[in-house]
Amino acid sequence: MTDPQFRVVSQSVKISHVNWAEKSFVVSTDLYFAILDETVERFELHIGPECLLPCEVKDSLHPRGYVRINGQDVSYTRQMFSSIDQEPDFSGYNDLQSTEVDTFGSRRSVLQIPLPFTITNNILDSEIVHCSVQVLVRRPKTGVHFNCCFGKDNNDLLHGAHLFTYKSGVLSGTSSWLPCIDELYQLSMWRFEFELPSDLTGVAPGELLETDSTNDENGKRMFYELRYPTAPNNIGFAIGHFVKYQNPDATDVESYGLPRLMSLVKHTVARSDRNIEYFEELLSCRFPYLQYRQIFVDGIPDNLTSYSGMSIFSVNIIYSKKILDVVQSTRYLLAYAVAEQFFGCFVSVNDWSDMWLAKGLAAFITGLYIERHFGTCEYLFQVRKLLNTVCEYESRWGKIVVRPTYRGVKPPTPTNDETPAPQFQERQNAYVHFDPNSASSSSTHYADMLYKKAHLVIRMLQRRLGSEPFNQVLQKIVSVAIQSCQHVDHISDWVHVLMDTESFFRNVSNVTGNELPTFLQQWVYDGGHVYFEIAYSFNRKRNLVELELRQETGQNTGRMSYVGPLSIIIQELDGSFPHLIQIDSDVSKHDLQCHSKGRKQKKKKIPLSNGDEIEIDLTSSEDTPVLWIRVDPDLTLVRKINLRQPHAHWEFMLRYERDVLAQFNSIDTLQGFPSHNTRQVLQEAIENDHLFYRVRCRAAFCLAQVENRLAETWCGSPNLLNLFTKLYGCKANPMIPKSHNFSITSWSLQSYFLMHALPGAMALLRGAGNCIVPSVHRFILNLIKLNDNSFNRYSDDFYRATLIAALGTNVVYADASADSWNPSGLNPEMKETLQELTYALNMDVLKPSFRRVVAISCLYGIFELQKHGHIPLDPEVFWSYTKPKLYSELRQAAFSWLVRLLPLTRNPRMNFVFLRLLDCAKNDTDPSVREHIATELNKNPPIHRNVRHKFNFQGVDQVLWATMCEPNAEPRIRCLFRDLYFHMYGPDHTLGPMPPADPHDKTPQRMEVIRSEQRTRTHQDYELPDKNPFSLANVMDMSMDETLH
């Protein structure tokens, strides 16, 4: 961070002349600032390209605007700053200079105002300068979104119109609609004024001071004042036909929603007061703002956007009293929004490189909220899923450094004949196309992973310090920030509202007395995760466990060499015994003393770590006092562990260990040991209603994989089918499911979510020769047809969607000789599947399901039928569900399947599908849809630079490169396109020909489907997701999460 030249003391904003037809409004702002650099000659404000300056307003229908200093009109210019001075005709990354690669595509529009001579001549007098700017914001592409519809005559604005701001970049989008110094360190006091028609409501950060009528009595003015210093990135607003709901149990919490959705909003936010109470108790301080507002809008890219004292949520997260499936995820989000008010909005950071602190602390205290209200098992499950996600990303793309120590040091981009310098080689392999130390150029996917790893690092720190000392550190940070804001006239005290890595760990040292240089060096200033290969053996003569640990770094740039303590728990016959060993090299050997002697009895009562005593049958295990071993049982490291121990030990761990993490690890490992014993252990886990429901659901999916490997040994109906009929079948005829009777009790909810998981697991079953199991197919169809929810008070929309999705999952590849264009060629099972999908899709149009989940599952089933060659590959089926007036999540699902269609054929028609998708990602009216398309393309690129393909998409590289060079492109889309370009073509690609003309002939053509077994890899470091066991485990975690969404 460079030394600032100006210090903005306060800024007032006035929003007026809202024109829904033109999608425009007028912004008037007054900035009061002090000059800190006596050599400065001009004042610079960040300003978006859609903010029209007075010289750029060509009509007389709008206020012309002004730019003034101390009340006098002054000259001004708009300047577009870029890492590239001109817009040359590049042919690829190799044409860029080495210093330009990092920030390529990062541009900021700046308003330059020369300071009058009377001001520059008296800088030393420390006078406050007043700058006034009025601009017209017209049809903004970024930062602001209008949602409005008109009547048949296009003059009457329909009720429900609203507009809102959102963060168009990784950090901020405020400058896209407001001239300001959009930097994290620029704290100032804020005042908002809205001049609106009487039927509209404006919501902004701060306390609502007053509301009065305008002179013509047809409008109103609303005044807000934020009495705490805040940076521009935490400033936003919303305007619309909102209805306010005030929680009767918390008068300082207000919720705003659209009129027809208020019943859902009231039910969704009913417990919001408890969220604030929990964090106030945790941090031992009051909520920092006088009022907290929650606004629910349609079309926001993120489900949550936090501003000071207010949070803007997507309307898609609200739910009614009849919905069970999304309650948990919505409550997570509402709690995280409150956590960000403490860390991120009130206590913030002064530089992007320290943003990991604010995001990590907010996510960490949200995790404590989850542990308190949803249980330790749920909290550990979320941490484990987070850990798998971060490790998978680092294994594929390179290290994540939460706090880089370098500034602007970038290795030269090598050509094919050059080798990078050794000190830069590791980083060059991972992040050649962007600088992770710059917010304006950092990949959005990398930023998301950075925040996830920050949560893990903060949790590691808390585990090392202890819960109570760490809470004292947080309490001190927040209390000092609150005290510094008591006297707002003391601007020098505002620095305590900002924190950085150095000051945070200084607080840690002062409060706890602990110095953590090794922790800082390993986990904060360096990146990567630990990978352990662990094996052990029992030495009977010495009664020792001989443990060998190997750290495999190899060529994987995402791994680190760890030095430090490692905790191990050995479950023995006489109890559970913890050990703490010291890792000091890549290969280390340790002898751990056993406390139990060799056994003489085959059955014995054994004490567990939680104090329970259980009787274990030891006949199937080796004659050793060691029952199982756990390494890093509390997830105190960011690591992957490959522990080799006997098969019986994993079975014991699943059967008898009470820790949910051990149960998950044993299930994932047992998947690689297909046997009759494994099948029996997994089946017992599914039936055990004392286990955490996510463990039972995971066991169901793993049992399906084990059954597939033992398909030749099947006898009778599959075990998963028998389990479902046993748990959920009628007594008279188990093949007929019971009528639904959901209730909000612990047992009932666990049974409900297991009922979701079993059909999806059954659909994964395959017979000999990778064919479907006819009994499973008929059973799933019967579940759909005999589903009875007539006497249930809760909706079964998500359950029906799960059954429809199971039908799609049950699809296998058609015979190579089958003709997908001939309907009579469909086999009976696939014909029944297609009929059921079509019927459910049509019925969901007549009677829409909640969040259109049934229609989304139907589209998934149709995609699977096309992918496996049963029906013609036809993108138009999905394009029909991407029209602008449809529900946003349904549109996003249709776009997702279009993206996944791209690599399935080499037909040239897919070239135009790709180009059309890129056009929608740039120009769609809904910002959430734009970002979703670009994100899906990054997750599933149709070609990869390390994979050999016989078909390349013509003109796609030109479109991607042009968007990356476009000055007015949306920052998020530009960064996502830059990632996509690098994933598909790499750094040494030369731009190809321009896109071909779109053909006029729209007649459907035959498209040959490429089967998955025909795809080949050409790079040993590139690993397909389905070949990575850690990726598979995390996908299964996500599949279980989808039962809650």
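Over how many bridges do β25 and strand β28 pair? Strands β25 and β28 (residues 587-593) pair over seven bridges, in the antiparallel sense. The views show a predicted model, in which local features need pLDDT of at least 70 and side-chain atom pairs count only at pLDDT 80 or more, while totals for chains, interfaces and linings use all residues. Residues are numbered from 1 along each chain as its sequence is written, and side-chain values use heavy atoms, with hydrogens and water left out.

**View A. The hairpin of β24 and β25.** Strands β24 (residues 530-539) and β25 (residues 544-551) run antiparallel and are joined by eight bridges. Strands here are DSSP E runs of at least two residues, and helices are H or I runs of at least four, each numbered from the N terminus; two strands pair if DSSP finds at least two bridges between them. F532 stands opposite Q551 in β25, and N539 has L544 as its bridge partner. Four residues lie between the two strands, and N543 in the turn has a positive phi of about 55°.

**View B. The open sheet of four strands.** The strand order is β28-β25-β24-β32, with mixed pairing. Strands β28 and β32 (639-644) are the edges, each pairing on one side only. Within the sheet, E546 stands opposite D591 in β28.

**View C. The largest nonpolar core.** A nonpolar core is a set of buried (under 20% relative accessible area, 1.4 Å probe, protein chains only) Ala, Val, Leu, Ile, Met, Phe, Trp, Tyr and Cys residues joined through side-chain atoms within 4.5 Å. This core has 308 residues, and F343 and L720 have the most contacts inside it. Helix α9 (residues 444-465) supplies its largest share, twelve residues.

Key:
Buried means under 20% relative accessible area, exposed over 50%, partly exposed in between (1.4 Å probe, protein chains only).
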